[in-house]
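This briefing gathers computed features of one protein model for a reader who has the sequence and the coordinates at hand. Please read it alongside the structure shown here.

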Amino acid sequence: MPRWTLIGPGLVAAATGVGAGDLVATLVAGAQYGYALLWAAVIGTVIKVALAEGVGRWTLASGRTVFDGWSSLPGRIGTGGRLNWATAYFAVYVAVWGFVYGAAAMSASALPLAALFPAVDLKVFAIASGLIGLGLTWWGGYRVFETVMAGLVGLMFVTVVGLAVVVAPDIPRLLTGLWPTLPEGSLFYTLGLIGGVGGTITMAAYGYWLRAKGWRGAGWIRVMRIDNRVAYGMTGLFVVAMLIVGAELLHAGGVALAGGDRGLLDLGEVLAARFGPVVATAFLIGFWAASFSSLIGVWNGVSLMFADFWAHMRGRPEDDGVGADGAPAFKVYALWLTFPPMALLFMDRPVALIIAYGALGSLFMPFLAGTLIWLLNSNRVAPEWRNGWVSNALMASAAVLFCVLAGRELVGLVSG
């Protein structure tokens, strides 16, 4: 069997979900609270396993895409209309989110490259990253895409986990972090750590990658579950590794980082001073791998979802993603992610756009969790593949958690 066939779609989904922003959030958690929030990172990984498993189980057990499931929900808009409340939300979300995410992803991929090659302007690397992502999406096909993602995950593993080994974790103190505690002032930060790692809309793309892989029918559910658990277990390992770096290198030394992705550049400087330029360079390569894997994962996965949406709007739901990476709508959305966002690289992001993006982005995960509960407890799937109490409890917890986080995000946006 060729080696590439052993690579699962779960690896693609997990790598897409772990971006530079997730790594820096975990790093800052370790810097501020040491190992005290390790338990939150573990719970976050379990919740993401449950959500991705739900997407995969729906896809394989029903033989339908997640968008097909959303379109089957009641609440039709207009007489004879093809939109309902769920598909209308998706349409608005992907338009606004894609525009701003495109710029953010290109910038995040460019930051470590600009640090490695300071003579080149960051915008040059950002535009090049977007164009390379577009090229892989447009011409590469799923097999090439998956192989590239596997290589990027390998880089992340060697650099991120290797860095955790280099800083020499205190294992007994690390294990104490598995006992749930809430340091003073850490409540919302803890909720953010539980909810923030592992993707948003890209979790819904997992089912499309299962289909692209050729995994179809309920007979693949057992394989999918193994694939999903291994992949998100690796995600959890990345999170723990960054928490170790934050606790051992920053918390112990009282080092503060800048907010956002630039905090990882600060860490590169700390590493260069502590361990030398080789370690710092290796870390920046891992930073780039995390950022660029998220970029190409979104370019591919969300474009597949948009192609499915467009097929439904045309009244051709049978064109549900089979060969969709060659569909015009797939390419149109990849172009939308690439070229319009480049304008944001040259100007301040419009305030109204950021408010809309933040509101929609914070509300996607409760939307996904809530609709999965609806679909997987209905007669749309055979009884043996419906949710059990554990799946329902985890998905309901995710919905509540993300509603709280969404409320906080919206309050912050309005007050700001």
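Which residues are buried in α11? In this predicted model, the buried residues of α11 are Tyr206, Gly207, Tyr208, Trp209, Leu210, Arg211 and Lys213. The secondary structure of the protein as a whole consists of 17 helices and zero strands, and buried residues account for 54% of its 416 residues. When contacts between residues at least 6 apart in sequence are considered, 82% of them join residues at least 24 apart.

- Helices α7 and α11 pack with their axes 10 Å apart and at an angle of about 115 degrees, and their crossing is left-handed.
- On the α7 side this contact is made by Tyr142, Phe145 and Glu146, while α11 contributes Trp209, Ala212 and Lys213; of these, Trp209 and Lys213 are also listed among the buried residues of α11.
- Sorted by class, the contact of α7 with α11 contains four nonpolar residues, two charged residues and no polar ones.

**Helix α3 against helix α12**

- The axes of helix α3 (residues 38–62) and helix α12 (residues 221–251) come within 9 Å of each other and cross at roughly 155 degrees; since angles over 145 degrees count as roughly antiparallel, α3 is roughly antiparallel to α12.
- The crossing in which α3 passes α12 is right-handed.
- From α3 the contact draws on Leu38, Ala41, Thr45, Lys48, Val49, Ala52, Glu53, Gly56, Arg57, Leu60 and Ala61, and from α12 on Ile221, Met224, Arg225, Asn228, Arg229, Tyr232, Gly236, Val239, Val240 and Leu243.
- Divided by class, the residues of the contact of α3 with α12 are 12 nonpolar, four polar and five charged.

**Helix α6 against helix α15**

- Helix α6 (residues 122–139) and helix α15 (residues 328–338) have axes that come within 10 Å and cross at roughly 170 degrees, which means that α6 is roughly antiparallel to α15.
- In this contact Gly130, Leu131, Leu134, Thr137 and Trp138 of α6 meet Phe330, Lys331, Ala334, Leu335 and Thr338 of α15.
- The residues of the contact of α6 with α15 comprise six nonpolar, three polar and one charged.

**Aromatic pairs**

- The count of aromatic pairs, for which ring centres must lie within 6.5 Å, comes to 24.
- One of these pairs joins Tyr93 and Trp97, whose ring centres are 5.7 Å apart and whose planes stand at 15 degrees, so the pair is stacked; the cut-off that applies here is an angle under 30 degrees.
- Both Tyr93 and Trp97 belong to helix α5 (residues 85–116), where they are four residues apart, about one turn of the helix.
- Tyr93 is buried with a relative accessible area of 0%, and Trp97 is likewise buried with a relative accessible area of 5%.
- A further aromatic pair, formed by Trp138 and Trp139, is tilted, with 6.2 Å from centre to centre and 50 degrees between the planes.
- Trp138 is partly exposed at a relative accessible area of 26%, whereas Trp139 counts as exposed at 71% relative accessibility; Trp138 is also one of the α6 residues that meet α15.

**Individual positions**

- Ala168 has a positive phi of about 60 degrees although this residue is not a glycine, and Ala168 is located in the loop between α7 (141–166) and α8 (171–176).
- Ser397 is part of helix α17 (residues 389–415) and, with 38% relative accessibility, counts as partly exposed.
- Although Ser397 and Pro366 are 31 residues apart in sequence, the distance between them in space is 9.6 Å from C-alpha to C-alpha.

Notes:
Residues numbered from 1 in each chain as written. Predicted model: local features only at pLDDT ≥ 70, side-chain atom pairs only at ≥ 80, totals over all residues. Heavy atoms only, no water. Phe/Tyr/Trp six-rings, centres within 6.5 Å; stacked < 30°, edge-to-face > 60°. Helix = DSSP H or I, 4+ residues; strand = E, 2+ residues; numbered from the N terminus. Buried < 20%, exposed > 50% of the residue type's maximum accessible area, 1.4 Å probe, protein only. Axes fitted to C-alpha atoms, helices over the stretch in contact; angles between N-to-C directions. Parallel < 35°, antiparallel > 145°, perpendicular 65-115°, else oblique. Left-handed = near helix turned anticlockwise from the far one by under 90°. Contact = heavy atoms within 4.5 Å. Nonpolar A, V, L, I, M, F, W, Y, C, P; charged D, E, K, R; others polar.
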